[in-house]
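This briefing concerns the structure shown below. Please read the notes with the sequence and the model at hand.

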Amino acid sequence: MAKATSERAPPLTRSDTGRQPRKLAPEHLWGVVFVLPYIAIFLLFVVYPVGYGLWLGADWTKLQALFADPLYYRTAVNTLILLLVGVNLKMFIALLLSGYLLQPYKWMPFVFMLIVLPWAMPAIPTFISVRWMLNGQWGLINNFIWTFWEIEGPGWLTSPSLAMGSVVTFYLWKWVPFWTVIFVAGRTAIPKELYEAAAIDGARGLQMFRFVTFPMMASLYLICTVLSMIWTLGDYNTVRFITGGGPVLSTHVLATLGIRDAFEVGDPGLGMAAVISALPLLVPLVAFLVWKMNKEHVQL
Amino acid sequence: MSAAETAPAHAVGKGGIGAHLAALLIALLLLFWTLLPIYNMILVALEPGDSVFSGALWPETFSLENFRIVFTQDHWYLKHFWLQMLNSLIVGLAAAFFTVLIGSMASFSIQRLRLRYGTLLSNTALLSYAIPLSFLAIPFYNILHNYGLLDNLWALIIVAVTFATPYAIFIFSQYSASIPIELDEAARIDGASVPQIYFKLYMPLMRPALVAVGTYALLLAWNEYLYAFLLLSSETTVTVPVALGYFLSSDDSPWNILMAAALIYSIPPLVIYYAMRRHMTTGLTVGSVKG
């Protein structure tokens, strides 16, 4: 809004905004009335839980108990695998796919329509299906391997490293489509003239990407990566439904560990401590994101 | 895949038959990969009784028996399936309604009435949009327990509205920038009150954004698992994903019935998604690259 007005009459609005004269008093009153429901929700269900959660978890004995648990290190490493490997692979694949999907073949809209299915479907049914598919004895994957190569497939969910690999793989399956859609939108918004100008200047093939697409997409790509890391930090469903944290608690991530400690072990303080131990990672990411989004006027 | 595809339309397609075939091959691989878990759902759902363990790659004997069992609630896991579908629907519709109402009122106040500290408020909302939902599950549970709202659909509606409203405020702010403020000023000169401007001018003009955000909130609530699992407990109040999760609590789950129920639960959001696709993408794409 501020942007739209400032384009029309820059000097006037710039000096006016922020310090509105008192003559619009009734309007301000209405402004408060209209924003009250949101303020109420924000205080009751954002500020209060955040404060309460911090209070629950900021207990030194709980944090000590958490760090003394060997399970915690496994969990922290898994979380980092999902955040660093999972998110970056996902974004890179999505960037490639978004270019592929914009190729002007007649059948492409049809492919596009089907490719968004993993994202458009609710997570729980598909992850339950994946869990069954990966079953070492009766799952579709090993049936497939048996039918074509006559060898026994591995126990995808019974070996810790294969189980974590499966989590990352189907995390990609679920979320690549969403970010592909975002990047398709991003690429579509790049003015055609830029490509035309680059073509006149003699840019070909990869150079188009290097000198036009990449600079125009860089900021969106960065913001999406950070936002996705934040969301992935809180991803509960993928691990919960594909591996359930198993085998032998080897595939937990912080989100599932926190819930397990709080509700299965019955120690909410310990669960909150697991969440709080992610704050040194979460806070800089959020701060960077907010700063960058304000600076670039990018919105999702 | 490289930069060729990023070039403008006239440059692409010059690759001829070879490029076209390569693109088709990629499409086939992508579709195979994308559809695999969904195919698995359908395959298992169509298998009768014990042939879940047959190891077939395609259904050898079609059977709609599992769907009949779901429709008639003819299994102890599914005694209240349709009531649970209704719960999911109620939560979804209520979440959409309150998100649109509260979000549009807040954005109207910030953008059109130029609320003092409005920018600060929308930045704070942006901040809460970036909090991972599951991180607040533990305090949320305790708080709703204190409010006496556990095992009550309102608990889940509150959660969905809380987490969808920040997104709503962004989309609305973005969209309302395209509606000239002069319209409000003209209406005010004609003697319209602030609520009249909100209901008769702002809301009708915002319709596409309202539809997009309402759909977003509806799908968010329909798909929510963790909070539904924690906050709702009795068989008659849980939503469908929680009921599906119950199947996994025992080792000898009837997987084929589970998959049939899961498919039925997945159809409404898919229909909504494809029907609303155009609206959803406008919501998502507005200003995605401005930097």
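How many residues does the contact take from chain B and from chain A? The contact takes 92 residues from chain B and 95 from chain A, two residues being in contact if their C-beta atoms, placed from the backbone, lie within 7 Å. This is a predicted model, in which local features need pLDDT of at least 70, side-chain atom pairs count only at pLDDT 80 or more, and totals for chains, interfaces and linings use all residues. Residues are numbered from 1 along each chain as its sequence is written, while chains are lettered from A and ligands numbered from 1 in the order in which they are written.

**Contact side of chain B**
- Helix H1 of chain B (residues 16-46) supplies the largest share of the side touching chain A, namely 13 residues; helices (H or I, at least four residues) and strands (E, at least two) are DSSP runs, numbered from the N terminus.
- By class, this side of chain B has 62 nonpolar residues (Ala, Val, Leu, Ile, Met, Phe, Trp, Tyr, Cys and Pro), four charged residues (Asp, Glu, Lys and Arg) and 26 polar residues (the others, Gly among them).

**Domains of chain A**
- Chain A is divided into domain 1 (22-57) and domain 2 (60-296), with bounds from an automatic or database domain assignment.
- The C-alpha centres of domain 1 and domain 2 of chain A are 33 Å apart.

**UniProt annotation of chain B**
- An unreviewed UniProt entry lists "transmembrane region" for several spans of chain B, including residues 120-141 and 153-176; such annotations may be inferred rather than shown by experiment.
- Residues 153-176 of chain B are 100% helix and 0% strand, with end C-alpha atoms 32 Å apart.
- Residues 120-141 of chain B are 68% helix and 0% strand, with end C-alpha atoms 29 Å apart.
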